[in-house]
Structures are given as C-alpha cells and as structure tokens.
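Got the viewer open and your selection tool ready? Let's walk through this one stop by stop.

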Amino acid sequence: MTYQMPQNVTGTVDLLVWTNSTVDGWFGSMILFAFFIVTFMATKKASSKTAFATASFITALVAVMMRAMDFVSDNAVITSIIMAGFAIMWLIMDRESR
C-alpha cells in the first residue's frame, strides 16, 4: 500500500493533518484518547468521579479546538461532549445522594 507524500508541509499543523489523513482519521482520535487518559491519571488524587469529570471536560475543550483545525471528525467532538455531559450529571447525582 502506498501513501501520497505531502507536497507542501510548512508547519506542524500541515504535518499532523497529513498524518491523520494517511491513517484514515484515527491519529487525531487516538491523540484525544491519550490526552483523556493522561488527564484522568493526573487528576486521580481526587475521587474517580471528579477525575473523570475533569478529564472529560478538558478533553471536550481540546476536541473542539482540534476540530477547528480539521484534525478530528465531528463524531469525536460529539463523543467528548457527551462524555462531559455524562460526567456532569454523574457529579450532580452524587451530590444529591449525600
């Protein structure tokens, strides 16, 4: 299988967009997934619910910025926003049960 070589890569964004198109859009999604895992583990000193909410909210913000660069698909952004909404609802329900 051969891939088209980039003709004009003048910056990092062009290189990342070419890499993402070469692997059929999975590169950006895996970057978001790795970002979520790193953020979740970094905030794990709090409870798991708080760490999940923090990681999903920050990942949703990063996904929107990556979508503005045309680096991820709409599905990745929608999934991250749904995860953030689920996390917020989980925190609200946990607060009400106390």
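Predicted model: local features only at pLDDT ≥ 70, side-chain atom pairs only at ≥ 80, totals over all residues.

F27 is partly exposed, at 28% relative accessible area. Searching the whole structure turns up six aromatic pairs, and F27 with F71 is an edge-to-face one, with 6.0 Å from centre to centre and 85° between the planes. What does this pair tie together? F27 belongs to helix α2 while F71 sits in the loop between α3 (48–68) and α4 (74–96), so the contact joins parts that lie 44 residues apart in sequence.

Just after α3, D70 takes a positive phi of about 60°.

Next stop: F52 and F86. Their ring centres are 6.3 Å apart and the planes meet at 85°, so this pair is edge-to-face. Here too distant parts of the chain are linked: F52 is in helix α3 and F86 in helix α4, 34 residues apart. Buried or exposed, what is F52? F52 is buried, with a relative accessible area of 17%; the cut-off for buried is under 20%. F86 counts as exposed, at 51% relative accessibility, because the line for exposed is drawn at over 50%.

Together, F36, F40, F52, F86 and W90 form one aromatic cluster.

Now colour the whole of α3. This helix has 21 residues and reaches 30 Å from its first C-alpha to its last, close to the 30 Å expected at 1.5 Å a residue. Which of its residues are buried? Select A51, F52, A53, A55, S56, T59, A60, A63 and M66: in α3, these are buried. Handy to recall as you turn the view: an α-helix has 3.6 residues a turn, so residues three or four places apart point the same way. To see what covers the buried residues of α3, show α2 and α4, which are among the covering parts.

Zoom in on V23, found in the loop between α1 (12–22) and α2 (26–42). V23 has 39% relative accessibility and counts as partly exposed.

Note on methods: Residues numbered from 1 in each chain as written. Heavy atoms only, no water. Helix = DSSP H or I, 4+ residues; strand = E, 2+ residues; numbered from the N terminus. Buried < 20%, exposed > 50% of the residue type's maximum accessible area, 1.4 Å probe, protein only. Phe/Tyr/Trp six-rings, centres within 6.5 Å; stacked < 30°, edge-to-face > 60°. Expected span 1.5 Å × (residues − 1). Contact = heavy atoms within 4.5 Å.
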